[in-house]
Amino acid sequence: MISSEEIKNIAKLSYLEINDDEMEEIRNSFSSILEYVKKLQELDTDDIEATPSVVELESIMRADVAKDNNCDLISSFSKSKNNYLEVKKILYNED
Amino acid sequence: MKIENLTIESAHEGLKKGDFTSVELTNAYLQKIEEKDGEIKAFVTVTKDLALRQAKEADEMIKKGEMTMLTGIPCALKDNFLIEGEKCTASSKFLENYIAPYNATVVEKLRKQGAVFLGKTNLDEFAMGSSCEKSAFFKTKNPKDTERVPGGSSGGSAAALASDMCVYALGTDTGGSIRQPASFCGVVGFKPTYGTVSRNGIIAFASSLDQAGPITKNVNDAQIVFEAIKGSDEYDSTTVEYAEEESNSFKVGVPKEYFVDGLDKEVEKSIREAIEQYKKMGAEIVDISLPHMEYALACYYIIAPAEASANLARFDGLRYGQNVDGIISNRTKYFGSEVKKRIMLGTYTLSSGYYDAFYKKALKVRTLIKNDFDEAFKKVDVILGPTSPCLPFKIGEKQEDPMAMYLSDIYTVSVNLAGLPAISIPSKSEGLPIGIHLIGQSFREKELLKIANNYDR
């Protein structure tokens, strides 16, 4: 069974917090799902290629010119200043 | 005005002959929603003003002789398709007040034909679920038996159609989310080949699996909607242009792996009857094998959450959605438990030390599953089986054990992993609805729909 510490660490990586009430349920369902998917280990896949997508992905290039820029994205910003998204300071000096 | 038996074709005829206007037709559906949706709860938002405005425009188009099959026909969209200026919630508290700033490509395409949008339908939050019980707002009921779930995640779309609250509906299908609710509600649900319909402007769940498609009253309507929404799109690099080869071959494959423990006896009986009917129609029935079928669900439950964990990283609450007090608080407070669980599962299988054992392994098994289909399609034109292993279950019945719920997608997920087109059509059996699942070859939807139509007729 996956430990509470492991769940807490995964939550942190996921930008989520798990409280004590939710912990048991999450541990239980995580464990049953991980137990189920273990099934894949039965298969020998050493010489098999991975399929991340069923279509061949090709980069589509275009000139770096804005179009359709009448779309209003700014009104859904939580905070904006001069048409820029305003967020808390993330880069700063220690002193 | 009687709308109960209207299909796209018959509504189109009515509009063309002038039996009714689009405004009259739209009002009739809005009236029906008012009467019926209090009980069924299929709609998250009813876009009445928009619909009536669009209906007026459609009537103008009809007068000018600019009519196409979908002009003036009222439809419903799952609430993960963006319609500019309208709310788009993905049935999540996170997006409860989010107003879409642009139209999905599919929405644009329908609008060019003069489609009328009645509203946005309920889904499991971010399309993660098989019963519509995971909507953050309310549970939708199955119109065929209101004690039961409509299926999911496009349960609102299937329920709206099955209770005549629209002429057709759109859904999205990542692991069965169009086909399983169509099966549960006794209507047609069609997931086209991956890459045929643009995903631009549809809220992403798992990008290598997601595909939009129609939920309709019959196969012919599914074809009409598919023709309208397909096509390559500069905003979705996975869309492709293609020309379909025609074929008159009629070989139906039945995989022996489909008839296993866990398949409901009534469902099995109904599928066996469908096989007999196909025989009578002149189909050659071929026994086939999909040896890796039993690994599909495990493979899916690694790949889909992994992609979801990446796709849902954008929900920080800063650019859109709920913002209370920082990214972690926003996500913790406004995501539901199933969504959190899947994000964390994906984060886990993609994390250092587990990536090879889980994620990479699943991508390799995906290749084996796809190869099985490639082999099978050397012998047959379509593959027939059940859409769901069980009948529509009761609300609350599968809430406790996550695996019990996930198992209801056992026949549908492999199709998304391989990117194939597939359709669920209602069986002719009495009682609760049962869906017959027909899987076709990539980019050969015409052939698939023709074979489906033979039974549907």
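A residue is called buried if 20 or more other C-beta atoms lie within 10 Å of its own, exposed if 12 or fewer do, and partly exposed in between, with C-beta atoms placed from the backbone. The model is predicted: local features need pLDDT of at least 70, side-chain atom pairs count only at pLDDT 80 or more, and totals for chains, interfaces and linings use all residues. Residues are numbered from 1 along each chain as its sequence is written, while chains are lettered from A and ligands numbered from 1 in the order in which they are written.

Select chain B. Its secondary structure consists of 15 helices and eleven strands (DSSP runs, H or I of at least four residues for helices and E of at least two for strands, numbered from the N terminus). The C-alpha trace spans about 65 × 55 × 45 Å along its principal axes. Of the 457 residues in chain B, 61% are buried.

Next, select Pro433(B), in the loop between β10 (422-426) and β11 (435-439) of chain B. Pro433(B) counts as buried because it has 27 C-beta neighbours inside 10 Å.
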